[in-house]
Amino acid sequence: MTRETRPTEPGEQESEKLPTIPEEMAVLPLRDTVVYPDQVIPLVIGRERSIKLVHEASEANQLIALVAQQDPSINEPSPENMHKAGTVAAILKLFKMPDGSQRAFVQGLARVVIKQYTQIDPYFRAAVEPMVEIPSSGVTIDALVVTLQNSFHKLSELSPTLNKEAGFLVANIDDPGRLSDTIAANLNLSLTERQELLEMADTKTRLEKVTYYISRELQVLELGNKIQSQVRDEIGKVQREYYLREQLKAIQKELGEADDKTVETQELRKKIADAKMSEEAQKIALKELDRLSRMAPGGAEYTVVRTYLDWLIDLPWSVATQDQLDLKLATQILEEDHYDLDKVKRRILEYLAVRKLKSDMKGPILCFAGPPGVGKTSLGRSIARALGRKFARVSLGGIRDEAEIRGHRRTYIGALPGRIIQGMRKAGSHNPLFMLDEIDKIGLDFRGDPSSALLEVLDPEQNHSFSDHYLEVSWDLSKVMFICTANMLDTIPPALRDRLEVLNISGYTEEEKIFIARRHLLPKQIEAHGLKPEHIPFPNEGLQEIIGSYTREAGVRNLEREIAATCRAVARGVAEGHTDSVTITPEKVAEFLGPARFFSEAAERVAESGVATGLAWTPTGGEIIFVEATKMKGSGKLNLTGSLGEVMKESAHIALSYVRARAHELCIDEDFDRTDIHLHVPSGAVPKDGPSAGIAIATALVSMLTQKRVKPELAMTGEVTLRGLVLPIGGVKEKVLAARRAGIKEVILPQRNRNDLIEIVQEIKEALTFHFVERLDEVWSLAFETPLVAEAPQAVEPAPRMIAS
């Protein structure tokens, strides 16, 4: 029984009928090929089963089914590995090749669907049925046909694998299904895409899909042609430029003129000679210049070498400023720019004096350590002006990469020298005053340790031959005067700190701030806001109100900010037409700056028992702290809160142990085993540590247990021991200034800190009453409003004392 693929249309010639398709036929597996109806294609037959199949089919003049494998890599496919649709084909010619394989020319006839495989050996046979195609017609189909014909014609002109005759052949095909199959057979499609088109029975859908594929291939070809055209144009341009340059060289040679590159090389050679480099640097510069002269100007390496030479030439190898050795003039300049800071000024004048006597001395390496806003950075500029030197400043805050100091090697893209060499180039002198700002804030990560790189920079025994990774030549830093600034010294590595001569700069008193404001801040801000002195009279009362109620700092930075805010308020009135002067009284300060931000909290905090005022040192200056104690029924535990460090917790346990040991003598009737004690140090979010709050903690405990109040205007600082001794502490000047700012009248200090008062200015000494103690008993006799009733302690033999650092 046979079936027709499709009925004959009316008027169709009998010769155009398709051959009858048997219900069962042999199936030839194809590896990487899909055959379409009407397509004539050669097939290489190599597998034994396939050779047997085509040989028998050819002799019997039988049709075969061509079906693609799902996985082309399988040598002996099973029925499960075969696609479900294929093409009925006739074997037109069969050739035997020398290697034993067969080459067959086949012609696709019609689409078929594999229903079931009926034979596996010696080759596949299967029951098939023709695929019922869905014909389409109409305007849309006509448009798709025209579009496909035009696109394929264009593709045949662009594609190197298609000849133009293929385009004309397609133009003569009117049948939409045949057109889509013919074009699909000539497109560069994957096996999956070809099989997908073969399995499409709807002619319209197949036409649309082929239209998409041919458009995609056209885009790829057009883009490829565009790229090739650009490459050809670029190559032609380069060849043309080369030809013209060679002609230009020949013309210049005939005229006796040099080309641009030769002129540039000669100019660079002259600049190298004029720079008066070291012998090592000049040798390397001339070597690089010879390399540059042999390079093409358009090459990537050309720019790298040229940039390197520019850096070598621009550095101040032989440029130096003459130090201003007039000590009186230097003193005058330092006094004009900064108030107080006598220790720093004295050290600079000592350097000038020695420099006057010995001209070849090395530059000092100083470190100004102090709270923010006291004038460390501006002091560096003032010193440079007093010495007559150029000033260079580098901020080290947040630097984490060693290359920021030493530079990057030239193998890296965009490499540059480190900040030291960049600063020297910017200064334009090889003996400037070089300020390394915020040296205590250098970071550390996987890219290296910048502080280790600074060891060579800041060591007078090594910095005469400092090596930058970018320059790779020695640079002499021994004539440079280095000044570092830091807020705290603890974060500076010991090896680096050992190379620094540290000068501590403490905060200012209220009187000093008023003097600085009148001498420097007020004139600066009045001029900056376009005012005149008569517009804004500023009595001392107004400045005192700003200092006491709107700023609480060791320096004057916030003071200048508040003065600027006041000047802006007055400037607005002047701009609006108010010509009357505005005297800055405390009332006007409150009007311009709003409610007061700071108050004297000492009196309020110690208005009840169990509270004592202590003094603390911070990187931003001194501060007062409050130690609060309370008790409750419990099991004898000591609770500590307020973000206390381990040392401060130990001080609290020592103070409690001493108070418990002296409870009978202090007339304290308390069952400590059934009482919990809670100590708190506000502010809770700020970390606190150190032993200097020991006597304040002990005093707060005694105040709480005896219900006696501590004097409201008294503060104390000192380390306590289990024997009741008061040991010395640090940061006395900062703590005393904090006590003065907070309205404290009396200060208790360890006896061994008496000599530290030498650094305190006389007006502070006169404004405060100082008590120096050696034991806790002396502290308690001074701290309470009413005398503390206590039995006399038993005599204790003097024991050797350890001096605390």
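## Ground rules

A residue counts as buried here when its relative accessible area is under 20%, exposed when over 50%, and partly exposed in between (1.4 Å probe, protein chains only). At 36% relative accessibility, Lys 441 is therefore partly exposed.

This is a predicted model, where local features need pLDDT of at least 70 and side-chain atom pairs count only at pLDDT 80 or more, while totals for chains, interfaces and linings use all residues. Residues are numbered from 1 along each chain as its sequence is written, and side-chain values use heavy atoms, with hydrogens and water left out.

## The overall picture

The protein comes to 26 helices and 24 strands; both are DSSP runs numbered from the N terminus, with helices being H or I over at least four residues and strands being E over at least two. Its radius of gyration is 48 Å, well over the 28 Å that the globule rule gives for 805 residues, so the protein is more spread out than a compact globule. (That radius is taken over C-alpha atoms, and the globule rule is 2.2 Å times the number of residues to the power 0.38.) Along the principal axes, the C-alpha atoms fill a box of roughly 135 × 95 × 70 Å.

As for cover, 46% of the 805 residues count as buried. The protein exposes about 41400 Å², with 51% of that supplied by carbon and sulfur atoms; the areas come from the Shrake-Rupley method with a 1.4 Å probe, and for residues only the protein chains shown count as cover. Take the contacts (heavy atoms within 4.5 Å) between residues at least 6 apart in sequence: 73% of them join residues at least 24 apart.

## Strand β3 and its partners

Two strands pair if DSSP finds at least two bridges between them, and β3 has pairings with β8 and β5. With β8 (residues 125–130) there are 3 bridges and the strands run antiparallel; here Met 25 stands opposite Ala 126. With β5 (residues 64–68) there are 5 bridges and the run is parallel, and Leu 30 has Ala 68 as its bridge partner in β5.

Glu 24 also sits in β3, and at 36% relative accessibility Glu 24 is partly exposed. Beyond its neighbours within four places in sequence, Glu 24 is in contact with Thr 118, Arg 125, Ala 126 and Ala 127. For a sense of scale, Glu 24 and Lys 283 are 91 Å apart in space, C-alpha to C-alpha, and 259 residues apart in sequence.

## Salt bridges

There are 46 salt bridges in the structure, each one a side-chain nitrogen of Lys or Arg within 4 Å of a carboxyl oxygen of Asp or Glu. One of them joins Arg 111 to Asp 181, with the closest N and O atoms 2.6 Å apart. That pair links distant parts of the chain, since Arg 111 is in strand β7 (residues 102–119) and Asp 181 is in helix α4 (residues 176–186), 70 residues apart. Both Arg 111 and Asp 181 are buried.

Arg 306 and Glu 264 form another, at 2.0 Å from N to O. Arg 306 lies in helix α9 (residues 300–314) and Glu 264 in helix α7 (residues 260–275), so this pair ties together parts that are 42 residues apart in sequence. Arg 306 is partly exposed, at 22% relative accessible area. Then there's Lys 441 with Glu 438, where the closest N and O atoms are 2.8 Å apart; Glu 438 is partly exposed at 24%. Elsewhere, salt bridges that share partners join Glu 288, Arg 291, Glu 301, Arg 409, Arg 410 and Glu 472 into one network.

## Aromatic pairs

The structure holds 8 aromatic pairs. Rings of Phe, Tyr and Trp (its six-membered ring) pair if their centres lie within 6.5 Å, and planes under 30 degrees apart count as stacked, over 60 as edge-to-face and the rest as tilted. Phe 95 and Phe 105 are edge-to-face, at 6.0 Å centre to centre with 80° between the planes. Phe 95 lies in strand β6 (residues 85–96) and Phe 105 in strand β7, so the pair ties together parts 10 residues apart in sequence. Phe 95 is partly exposed at 34% relative accessibility, and Phe 105 is partly exposed at 30%.

Tyr 212 and Tyr 213 have ring centres 5.5 Å apart and planes at 55°, so that pair is tilted. Tyr 212 is partly exposed at 48%, whereas Tyr 213 is buried at 3%.
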